[in-house]
Amino acid sequence: NEADKGTYPFYMLKEVDEQPNVMRKLAQTYLDAAGKPEIDDKLIKAMQAADRLYIVGAGTSYHAGLIGKRLFEKLTNMPTEVHVSSEFAYEQPLLSAKPFFIFLTQSGETADSREVLSNVNEAGYPSLTITNVENSTLSREANYTLLLHAGPEIAVASTKAYTAQIALEAILAKALGEDMGLAIAKDFDVRTQLGLVANGMQAIVDEKDKLEELSNDFLMDTNRAFYIGRGIDQAVSLEAALKLKEISYVQAEGFASGELKHGTIALIEKGTPVIGIITQAKTASLTRSNLQETIARGAKTMTIVRESLANDDDDLVLPDVDELLMPLLSVVPAQLLAYYTSLNKGLDVDKPRNLAKSVTVE
Ligand code: G6P
């Protein structure tokens, strides 16, 4: 039974471990043997008719949307906005002439997102729901659905749904960009890349002992922590911080590393944990200097770095994949750091206080 914990102590660990297979499954489902996307042509044409994409989601799904924005803008040239559903529902931004809406939702039932979709339907705008749950409300009420095929996600803290959403956004962006005749989309070999991602994820989840050790050294004796990064790494830092907050109750903040000096660095004191995510060549040295600035104020730092940008003294080295897909790897150590911190504090990893898996009230 897919929804069985088996020998795992908690669903979350099982779901983290399933991520390599989820990547392979998505590639099999949505790409042919030559790596060409197999996605409903009507959906691609409806997206192409739009002048702007609006991604809407809550929590971790919103964070997956922040990565989606980069993928769609890079591979399709289509301006893309990302919105938190509870905000969008009551303070709708000015829309472009031909908007296309993409709802990201693991459960397909989040009330805040449903509220936005019902407004979108009333206005007659086209929409797609990317969800893990077939026949869920958001799936039924949107014009199109793409399923994540991640298998049931039971732990409240979302893991495999986040990486599945990003992988599917990458496939969809490739399909759209290729259909628009864009060379960058044609050259983006998403099939090979997802294979590399799956292997890379496997290498990371095989390093559980090391991650538990790092959690012990950095996160067990603190009630606050920072994840920092720039660009796409900043987007991942928000999700990394959310994992830590949700299940280990560490007050964690994900932060644009260049923005630290404009205020937040005042919070750094002796022993404050600061974790740097460094996967983008353009900004790697900048984030490294920002980490140095925190070290000068007493911070204890940890680095999560892609191999081609790594030094001998980096703490966690991630296998190299296409820069746009590095979030699929950089988030995994953050999931496991949160897991071990929660576990070793004796908390209920799968059912953190005050949280629900699916929030059906606004
Ligand atoms: C709840 C869950 C989060 C999730 C969010 C959005 O708050 O605890 O893990 O990210 O809802 O859920 P959805 O099902 O719409 O992705």
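Let me start at the ligand. Helix H4, residues 59-76, contributes the most to the shell around it, with 3 residues. That shell has 16 residues in total, and the closest are Gly 59, Thr 60, Thr 105, Ser 107 and Thr 110. Sorted by class, the shell holds 10 polar residues, 5 nonpolar and 1 charged. Bear in mind that this is a predicted model.

Now the core. The largest nonpolar core has 111 residues, and Leu 26 and Ala 167 are the members that touch the most others. Helix H8, residues 160-179, supplies the largest share of this core, 12 residues. What does Ala 167 touch, leaving out residues up to four places away in sequence? The partners are Met 23, Leu 26, Leu 194 and Leu 328.

Last, the backbone. Asn 135 is not a glycine, yet its phi is positive, about 65°. The residue sits in the loop that runs from strand E4 (127-131) to helix H7 (137-141). Is Asn 135 buried or exposed? Asn 135 has 9 other C-beta atoms within 10 Å, so it counts as exposed.

His 149, also not a glycine, has a positive phi of about 50°. His 149 is in the loop between strand E5 (144-147) and H8, and H8 is the helix that gives the core its largest share. With 15 other C-beta atoms within 10 Å, His 149 is partly exposed.

That is what I have; questions are welcome.

Terms used
Residues numbered from 1 in each chain as written. Predicted model: local features only at pLDDT ≥ 70, side-chain atom pairs only at ≥ 80, totals over all residues. Core = buried A, V, L, I, M, F, W, Y, C linked by C-beta atoms within 7 Å. Buried ≥ 20, exposed ≤ 12 C-beta atoms within 10 Å, placed from the backbone. Helix = DSSP H or I, 4+ residues; strand = E, 2+ residues; numbered from the N terminus. Contact = placed C-beta atoms within 7 Å. Near = placed C-beta within 6 Å. Nonpolar A, V, L, I, M, F, W, Y, C, P; charged D, E, K, R; others polar.
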